[in-house]
Amino acid sequence: MNFCKLSLITFFLALATSTAFSQTKISNLLCENLANPVGIDKSHPRLSWQIVSDQRSVLQTAYEIRVGTDLNSVTSGTDLVWSPGRVLSEESVHIIYSGEKLESGKKYFWQVRIWDNKGGVTNWSEPASWQMGLLDFTGFTAAWISPGFKEDTTLRPCPVFRKKFQIAKKVSSATAYITAHGLYEAWINGKRVGDAYFTPGWTSYNKRLQYQVYDVSALLNTGDNAIGVILGNGWYRGYVGYAVTKNFYGDDVALLLQLNIVYSDGTTESVISDGTWTSSTEAILSSEFFHGETYDARKEKPGWKLPSFNDSDWTVVDIRDFPRDILTATYAEPVRKHETFKPVKIFKTPKGEQVIDFGQNLVGWVQVKATGKAGDSIILNHAEVLDKNGNFYTENLRQARARDIFILKGGAAETFEPRFTFHGFRYVKVSGYPGVLNPANFTAVALYSDMPSTGYFNCSNRLINQLQHNIQWGQKGNFVDIPTDCPQRDERLGWTGDAQAFSRTAAFNMGVNNFFSKWLKDLSADQGINGAVPFVIPDVLPRYSNQTIGAAGWSDAAVIIPWNLYLHYGDRQLLNEQYPSMKSWINYLQGVSKNDLWNTGFQFGDWLSYRAQENDPFDYVSAVTDKHLVAQCFYANSTQLLIHAAEVLGYTGDVEKYTALLDKIKQAFLKEYVTPNGRLVSDTQTAYVLALAFDMLPEKLRPQAVDRLIENIRKYKYHLTTGFLGTPHLCHVLSRFGHADVAFELLLQETYPSWLYPVKMGATTIWERWDGIRPDSTFQDAGMNSFNHYAYGAIGDWLYRVMAGIDTDESNPGYKQSIIKPHYSLKFSAASASLQTYYGTVSSSWKIENKKLTLDIEIPANTTAMVHIPAKDLRSVTEGGKALFTVPDLQTSGSENGYVIVKAGSGKYHFLVEL
Ligand code: BGC
């Protein structure tokens with residue numbers, strides 16, 4: 001046999017073996033839900049992986065993980081710090097690392113392979129890694145430093161810091177740990193450290209301060225090196241809460257930085273923030289989130305981030321004694337730059353102002369390119385909408401100036417963008433621009449937390465697709481490190497009510513597990529000792545009493561969001577961590593209730609529900625629901641969710657205790673708010689919706705309540721009248737009680753109040769109010785009229801879960817078992833959704849053509865699904881052209897309310913139904 005023949009045989013043999021294995025592969029290795037994270041401070045981080053297979057009904061039967069500190073030794077299986085061997089388990093998400101003690105700063109590599117139920121074993125996955133942050137402060141010697149000069153206390157120009165140092169040996173790795181009071185950006189030798197904005201992020205700074213960890217090995221030089229850092233006021237000492245509050249957490253900006261270098265000869269060295277650093281100011285004259293940034297290019301100090309810069313006139317920094325024990329690693333995805341937009345129109349308003357329309361209400365800033373003389377000032381004002389006459393409208397920003405000023409140094413073309421501010425805008429008014437406004441010189445940049453995009457929804461109705469677009473942009477604009485109510489006016493706060501209402505929709509659109517986990521830690525941190533949960537988190541509202549007080553539907557975020565995250569991501573650890581906070585909220589409610597009724601104290605109620613106006617087309621009073629009726633429903637719902645959590649976590653004593661309480665809460669509700677025949681004291685949509693959604697009524701009274709709800713909706717000619725608390729549950733209640741047709745009517749309503757009314761008015765985000773812009777183009781009250789407020793976008797959850805029909809089985813959360821149950825309407829010819837879960841893609845698409853319905857679904861490997869196919873009986877459905885009972889991957893399980901139910905293994909399925 002000659003060589004050529006031999007290698008051909010080897011090649012085919014290799015091919016044969018690889019195809020035998022290629023059907024099932026491992027991908028998407030995550031540590032703490034992140035790909036190759038740097039800066040983990042948990043002693044037992046959690047590992048997850050995805051199984052990809054072109055076969056159906058694939059389940060993992062066992063796995064093997066190997067972890068080590070050296071890539072080569074991991075791939076060769078030697079010198080491991082964790083090698084538990086073959087573990088018989090179906091679990092592939094959130095596997096807790098249980099190997100040798102992990103060390104601060106160390107990088108760990110890992111691989112996994114699995115055995116499946118088809119008798120196969122996969123190849124080892126590609127290696128992935130995580131790098132530890134600080135498990136304790138041993139060896140962390142950096143000192144807090146502040147500017148060494150007296151700051152101008154009115155404008156507060158951004159201070160800059162620098163440090164020059166030498167490297168004599170070959171570097172094997174270098175890691176920077178950075179945090180600040182205020183915001184920071186850092187450079188090493190002029191190259192930016194990382195690509196995040198608004199770091200260290202917003203937390204309850206006096207209790208928890210995040211640091212970030214960066215692998216900066218590639219930024220160092222042999223010989224001279226320099227670190228440069230700039231600080232902004234940010235949330236720490238800038239205006240927060242309303243334009244009147246500044247210095248909420250303190251008035252000193254400060255930096256804490258340590259650079260740990262490991263040389264290739266094994267020796268180590270640290271460069272730390274200390275008294276050898278110098279400080280000065282540079283071109284940012286002032287910077288505030290609400291008011292914008294002023295940048296004077298004439299004040300630039302060229303080369304200040306480089307080693308060669310002469311800083312002899314800079315001031316030595318002050319050493320500060322700020323706490324370090326509140327430092328915590330960062331798991332939430334940082335804010336990064338995302339989409340960019342070019343002007344769709346540049347025009348002069350009737351008032352004669354030059355305005356650029358970027359076509360999308362977004363959150364971020366505008367980059368400008370200009371050529372002019374030294375001292376020319378370009379002023380950019382930001383606005384969400386134009387008024388009735390087509391003029392630039394900023395009244396709804398209240399006291400937020402939302403203005404960036406760029407002052408040119410003159411000469412060659414200059415490019416500007418701010419650094420420590422953001423604006424909510426679609427329109428920009430430009431003044432002082434040297435020359436004609438050319439679209440090529442203006443780019444709007446969207447900035448938001450870099451959460452993975454996980455959801456897709458599309459249907460045959462263009463307006464609903466625009467609604468989905470608006471929901472997603474509402475999320476992008478308001479998920480800038482914390483979930484805010486709005487991104488544009490002098491508010492931008494983590495309102496708990498808005499966040500809970502939108503949390504489930506948010507979890508479809510994007511991966512919000514780490515984003516919300518971070519915010520929930522601040523919620524626990526800011527929760528009163530009495531258990532009350534503040535209205536906004538981080539809590540920066542002025543205090544009117546020394547006791548924290550809670551409100552229904554707002555403070556309930558403490559319970560609702562952890563539970564929603566548990567359902568969506570199967571994150572039991574998070575549920576366990578939040579459990580004490582959940583429980584103390586319920587205990588607070590028990591304390592303020594009398595005879596099991598929560599009927600005292602301040603309440604927001606069904607915030608911004610429909611209120612009848614003069615010349616109202618309907619002959620009805622406003623839809624205001626008794627605030628304490630609403631509160632009682634939320635009290636019951638949160639208690640119910642706490643019971644569910646206690647069941648999951650095995651706290652049986654609590655299950656018993658709170659089940660008894662729940663019974664009393666519901667009894668008290670019936671006595672106080674329901675007539676013996678089932679009429680509620682508030683005859684509003686929200687009252688019936690909440691009573692039904694939270695099972696406040698005994699079974700026998702429910703049908704009448706449903707009838708009353710439908711009657712109410714008809715009275716309003718298929719318009720909704722619900723506010724922040726009723727809206728998220730409205731369509732769910734209708735579809736749950738067999739009236740999806742009414743939900744579709746509401747969904748498709750185009751006149752006010754409805755979801756599509758703003759869409760018809762040209763909205764590109766979700767509005768705060770149903771009638772932010774009235775049909776005659778006048779505005780709602782400027783004091784509260786945001787055009788980017790996600791709360792009403794909570795309908796997105798219904799689009800995914802009910803219309804497209806993707807849900808998780810509550811007893812197998814995180815989509816370990818999906819429930820696919822689409823609801824079609826003949827008003828649509830198609831709807832399609834997909835969701836990236838930790839296991840892989842779940843999708844559901846239906847289409848109606850020629851009296852036939854097709855349903856295409858995808859279920860990821862290592863999961864199963866209960867599929868509800870809208871069909872009268874088994875015989876009217878086929879899968880892949882075959883009768884259902886002949887398909888081996890489907891187990892039929894009867895039919896119910898117009899659905900044929902089958903249990904499906906993983907894979908893709910094509911169902912055809914004769915309608
Ligand atoms: C915010 C809301 C918030 C509300 C509380 C408003 O100012 O914008 O979204 O939930 O106050 O009532």
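How far is an oxygen atom of the ligand from an N or O atom in the side chain of glutamate 491? The separation is 2.7 Å. The structure is a predicted model, in which local features need pLDDT of at least 70 and side-chain atom pairs count only at pLDDT 80 or more, while totals for chains, interfaces and linings use all residues. Residues are numbered from 1 along each chain as its sequence is written, and side-chain values use heavy atoms, with hydrogens and water left out.

**The ligand and its surroundings**

| Side chain | Distance to a ligand oxygen atom |
|---|---|
| Arginine 489 | 2.7 Å |
| Glutamate 491 | 2.7 Å |
| Histidine 789 | 2.9 Å |

On its own the ligand has 310 Å² of accessible area, of which the protein covers 96%. Such areas come from the Shrake-Rupley method with a 1.4 Å probe; for residues, only the protein chains shown count as cover. The residues around the ligand (those with a heavy atom within 4 Å of it) include Asp485, Trp495, Trp554, Phe604 and Glu768. By class, the shell holds five nonpolar residues, one polar residue and five charged residues. Here Ala, Val, Leu, Ile, Met, Phe, Trp, Tyr, Cys and Pro count as nonpolar, Asp, Glu, Lys and Arg as charged, and the others, Gly among them, as polar.

**A sheet of seven strands**

Helices (H or I, at least four residues) and strands (E, at least two) are DSSP runs, numbered from the N terminus. Two strands pair if DSSP finds at least two bridges between them. An open, antiparallel sheet is built from seven strands in the order β36-β41-β42-β43-β49-β45-β46. Strands β36 (455-459) and β46 (882-883) each have a single partner strand, so one side of each is left without a neighbour in the sheet. Helix α16 (residues 795-804) packs on this sheet and touches β36, β41 (830-837) and β42; contact means heavy atoms within 4.5 Å. The direction of helix α16 makes about 65° with that of β36. Axes are lines fitted to C-alpha atoms, for helices over the stretch in contact, and angles run from 0 to 180 degrees between N-to-C directions. Within the sheet, β42 (residues 840-849) and β43 (residues 852-859) run antiparallel and are joined by seven bridges. Serine 843 has glutamate 858 in β43 as its bridge partner.

Four bridges connect β11 (residues 159-167) with β20 (residues 278-281) in the antiparallel sense, and phenylalanine 161 stands opposite serine 279 in β20.

Strands β18 and β19 form a hairpin with four residues between them. In its turn, glycine 266 has a positive phi of about 90°. The two strands, β18 (residues 254-263) and β19 (residues 268-272), pair in the antiparallel sense over five bridges, with isoleucine 261 opposite glutamate 269 in β19.

**Backbone features in loops**

The peptide bond from threonine 199 to proline 200 is cis, with omega near 10°. Proline 200 lies in the loop between β14 (191-192) and β15 (209-210).

How values were computed:
A polar contact is a pair of N or O atoms within 3.5 Å; within protein, one must be able to donate a hydrogen and the other to accept it, and residues adjacent in sequence count only if both atoms are side-chain atoms.
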